[in-house]
Amino acid sequence: MQSRRTLVIMKRQRPTPPPPTKAIPPTPSTPPTPQIIHKTLHSKTINLKPNSHSFRKVKPKRDLFTNLKLPNTPPPTIPISQELKWVPLNLGKSELYLPLTFPTGQTFRWKQTGPLQYTGAVGSNLVSLKQLDNGDVGYYFHYATSEASARLALLDFLNVGISLNDMWEVFSAADSRFAELARHLGGSRVLRQDPLECLIQFICSSNNNIRRITGMVDFVSSLGNYLGTVEGFAFHEFPSLDRLSQVSEAELREAGFGYRAKYIIGTVRALQSKPMGGVEWLASLRELDLQKAIDGLSTLPGVGPKVAACVALFSLDQHHAIPVDTHVWQIATRYLIPELAGTRLTPKVCNRVADAFLSKYGKYAGWAQTLLFIAELPSQKAILPLNFSTADAKKATPSENEETGNAKSNKDGSA
Ligand SMILES: Nc1nc2[nH]c(O)nc2c(=O)[nH]1
């Protein structure tokens with residue numbers, strides 16, 4: 001039964017502007033130096049030059065993305081392991097816990113650059129976030145065009161106007177299992193990403209595994225303006241529609257995108273043909289009700305119901321969008337609608353699953369789905385008490401190597 005308690009979305013007071021921090025200007029784009037960059041998390045970036053005697057030789061793997069030449073990627077520039085001066089966000093761990101927000105399938109553009117530290121681009125700003133010792137999250141702009149507007153963009157991206165604590169209290173009252181999971185997995189927040197950035201990432205995610213999705217997303221990102229390199233990872237602003245339109249299907253195919261190359265090119269073209277402008281059209285979906293936003297997204301090549309729901313939830317303020325794939329369906333049949341266990345995942349069943357989430361959790365049901373989805377990830381299962389595992393949990397778990405169910409073919413039920 002749906003909780004009758006009213007969900008209060010606490011509007012946070014915007015904290016006072018921070019003291020100015022040093023902005024490291026981006027290095028102008030230069031042609032890439034052919035090199036294999038070995039990324040290590042807490043140690044120095046090592047440029048492994050072939051035939052170098054000072055470094056262990058690394059045999060390049062014949063992997064699609066290992067030797068991918070990323071355009072627009074100059075050598076690393078930002079000093080490694082520098083002492084960063086973190087500016088507190090005044091968001092506690094229960095409102096934002098970085099390891100449960102960034103590497104959990106919402107975005108493939110952020111990189112772990114230190115213990116409890118993640119780095120990514122927000123618009124044209126390059127920022128690192130770190131969970132501080134007191135639980136608060138601190139930020140540091142490696143590059144920002146204007147400190148004040150970069151901070152506002154960051155707060156917007158983190159969806160800080162929405163209180164996770166208030167929302168989870170309501171979900172927990174409606175669902176004791178949610179309450180128990182929430183005790184272990186606090187702070188898994190839904191981001192408010194740029195819609196174009198989110199859309200292209202989730203087109204890449206269709207029938208794909210996390211490693212390959214990340215490789216593809218890195219390739220697309222590298223077409224954008226270079227912002228800087230942190231701990232060996234080069235960061236770029238997401239490319240504009242115009243820049244994306246200059247890439248050919250053949251180039252994407254050559255880079256290993258497979259059939260998704262056609263979808264990306266087709267989607268970019270479809271967006272460019274929108275009379276109001278593609279970016280504006282995507283932004284306008286934020287104002288529509290969920291079904292209309294999903295219908296709009298579904299007209300784009302490569303966008304099926306699951307991709308559309310992910311884009312709606314993670315970028316379009318559609319807080320009750322429920323991405324449904326085989327994993328989510330299994331969660332639903334285990335805990336919400338056991339009577340559907342054993343049925344086939346048809347479009348009708350997909351709708352039943354979404355309705356079950358909606359009636360249990362209400363208008364922020366997508367945020368509840370996010371926690372339940374994360375609880376099934378192998379990385380989280382490992383830290384949850386044993387009583388959360390179920391006999392078929394392994395089967396139901398989206399893994400690093402397993403394909404996501406974000407396929408267009410979900411439309412006809414073959415997830
Ligand atoms: N919270 C969720 N994240 C996801 N990533 C992905 O590929 N699918 C999902 C999902 O269903 N929920």
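Which residues in H4 meet Arg-260, Tyr-263, Ile-264, Thr-267 and Leu-271 in H8? They are Leu-196, Leu-199, Ile-200, Ile-203 and Cys-204. This is a predicted model. The report returns to that helix pair after a look at the whole chain.

## The whole protein

The protein has 415 residues, and 53% of them count as buried. The chain forms 15 helices and 9 strands. Take the contacts between residues at least 6 apart in sequence: 70% of them join residues at least 24 apart.

## The sheet

Five strands matter here. They make an open sheet of 5 strands in the order E3-E7-E6-E5-E4. The pairing is antiparallel. E3 and E4 stand at the edges. Each has a single partner strand, so one side of each has no neighbour in the sheet.

Gln-112 stands opposite Tyr-118 in E5. E4 and E5 form a hairpin, with 2 residues between them. In that turn, Leu-116 has a positive phi of about 55 degrees.

Now move to the loop between E5 and E6, where Gly-123 lies. Is Gly-123 buried, exposed or partly exposed? Gly-123 has a relative accessible area of 44%. Buried would need under 20%, and exposed over 50%. Gly-123 is therefore partly exposed. Leaving out residues up to four places away in sequence, Gly-123 touches Leu-227 and Glu-237. Phe-357 is another matter: Gly-123 and Phe-357 are 32 Å apart in space, C-alpha to C-alpha, and 234 residues apart in sequence.

## The helix across the sheet

Helix H1 spans residues 147-157. H1 lies across E3, E5, E6 and E7. Its direction is at about 130 degrees to E7.

Which residues of H1 are buried? They are Glu-147, Ala-150, Arg-151, Leu-154, Leu-155 and Phe-157. Seen down the axis of H1, these buried residues fall within an arc of 160 degrees, so they line one face of the helix. What do the buried residues of H1 pack against? Their partners are strands E3 (87-88), E5 (117-122), E6 (125-131) and E7 (137-143). After H1 comes Asn-159, with a positive phi near 60 degrees.

| Pair | Residues | Angle | Axis separation |
|---|---|---|---|
| H4 and H8 | 195-204 and 260-272 | about 155 degrees | 9 Å |
| H2 and H3 | 164-174 and 176-184 | about 135 degrees | 5 Å |

Start with H2 and H3, which pack at an angle of about 135 degrees. That angle makes H2 oblique to H3. H2 brings Trp-168, Phe-171, Ser-172 and Ala-174 to the contact. H3 brings Ser-176, Phe-178, Ala-179 and Ala-182.

Back to H4 and H8. How do they lie relative to each other? They pack at an angle of about 155 degrees. An angle over 145 degrees counts as roughly antiparallel. H4 and H8 are therefore roughly antiparallel to each other. Their crossing is right-handed. Among the residues that meet there are Ile-200 and Ile-203 in H4, with Tyr-263 and Ile-264 in H8.

Definitions and conventions. Residues numbered from 1 in each chain as written. Predicted model: local features only at pLDDT ≥ 70, side-chain atom pairs only at ≥ 80, totals over all residues. Heavy atoms only, no water. Buried < 20%, exposed > 50% of the residue type's maximum accessible area, 1.4 Å probe, protein only. Helix = DSSP H or I, 4+ residues; strand = E, 2+ residues; numbered from the N terminus. Arc of directions from axis to C-beta. Contact = heavy atoms within 4.5 Å. Pairing = 2+ DSSP bridges. Axes fitted to C-alpha atoms, helices over the stretch in contact; angles between N-to-C directions. Parallel < 35°, antiparallel > 145°, perpendicular 65-115°, else oblique. Left-handed = near helix turned anticlockwise from the far one by under 90°.
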